[in-house]
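Visitor: I'm new to reading protein structures. Could you walk me through this one, feature by feature?

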Amino acid sequence: MDIQNINDLVSQPDVCRCCLSANGKWDLTTSYISESGTKEIYSEMLQECYGITLSHIKDWATSHMVCSLCVGQLRDACSFRNQVLSASNCFAEYYNKAKESLIKSEDNIDLLQPVSESFAEELLIPNDGKLMNSTYLYII
Ligand SMILES: [Zn+2]
C-alpha cells in the first residue's frame, strides 16, 4: 500500500482506527453498554489491555471509529486478560493462605524432630546414603 492510499484511508471519517478498514461503526471514545451489561469505552479498553494510546483520538479531523470485528477482538483480549489476572489472584490468595497456615502450624509444633535415616528410608526420602543434619520432619 503506497502512501497516497494510506492517506486516502486515514482521511476517511469512518475508517477503523485499529485495522484501517472503512467499516468503522463504533466511536472509540463513547461509552457503550455491552449485551452482558458491562460499560465499555474502547479507547480505554485498548489502553488497559495493551497500553495503547491512540494518537489524535480527540481531534476533530481524525476518525474516532472502530469496526465490529476489531471490537470483538478487543473484547476477547480484555476478557482473556481479566481471566489471567483472576487466575493469578487465586494463586496469590492460595499462596498467602498456605503460607499463613504454615506459620500458624509452626507456632503449634510441640516437637521438631530430626529425621532418622531409617524413618527417611521408610518415607522414601532420597538421601544419597546420608541424611544431612538439617533435615527435619515437621509433626503437626
Ligand atoms: Zn477494525
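Guide: Let's start with one residue. Leaving aside neighbours within four places in sequence, valine 15 is in contact with Leu9, Val10, Leu20, Ala22, Gly24, Ser63 and Met65. Keep in mind that this is a predicted model.

Visitor: How many helices and strands does the chain have?

Guide: There are four helices and six strands.

Visitor: Which residues does UniProt list under "binding site"?

Guide: An unreviewed UniProt entry gives Cys16, Cys19, Cys67 and Cys70. They are spread over 55 residues of sequence, yet they cluster in space, with a largest C-alpha distance of 8.2 Å.

Visitor: Let's take cysteine 16. Is it buried or exposed?

Guide: To decide, you count the C-beta atoms around a residue, and 20 or more within 10 Å makes it buried. Cysteine 16 has 23 others within 10 Å, so it is buried. You'll find cysteine 16 in the loop between α1 (3-10) and β1 (26-27). Setting aside residues within four places in sequence, its contacts include Met65, Val66, Cys67 and Cys70.

Visitor: And where is cysteine 67?

Guide: Cysteine 67 sits in the loop between β4 (65-66) and α3 (68-107). It is buried because 21 other C-beta atoms lie within 10 Å. Not counting residues up to four places away, cysteine 67 touches Cys16, Cys19, Ser21, Asn23, Gly24 and Lys25.

Visitor: What about backbone angles? Which phi does leucine 20 have?

Guide: Leucine 20 has a positive phi of about 65°, although it is not a glycine. This residue lies in the loop between α1 and β1. With 17 other C-beta atoms within 10 Å, leucine 20 is partly exposed.

Visitor: What is the phi of histidine 56?

Guide: That one is positive too, about 55°, and histidine 56 is not a glycine either. Look for histidine 56 in the loop between α2 and β4. It counts as exposed because it has 11 C-beta neighbours inside 10 Å.

Visitor: How much of the chain is buried?

Guide: Buried residues make up 11% of the 140 residues.

Definitions and conventions
Residues numbered from 1 in each chain as written. Predicted model: local features only at pLDDT ≥ 70, side-chain atom pairs only at ≥ 80, totals over all residues. Helix = DSSP H or I, 4+ residues; strand = E, 2+ residues; numbered from the N terminus. Buried ≥ 20, exposed ≤ 12 C-beta atoms within 10 Å, placed from the backbone. UniProt positions renumbered as here; feature names shortened; annotations may be inferred. Contact = placed C-beta atoms within 7 Å.
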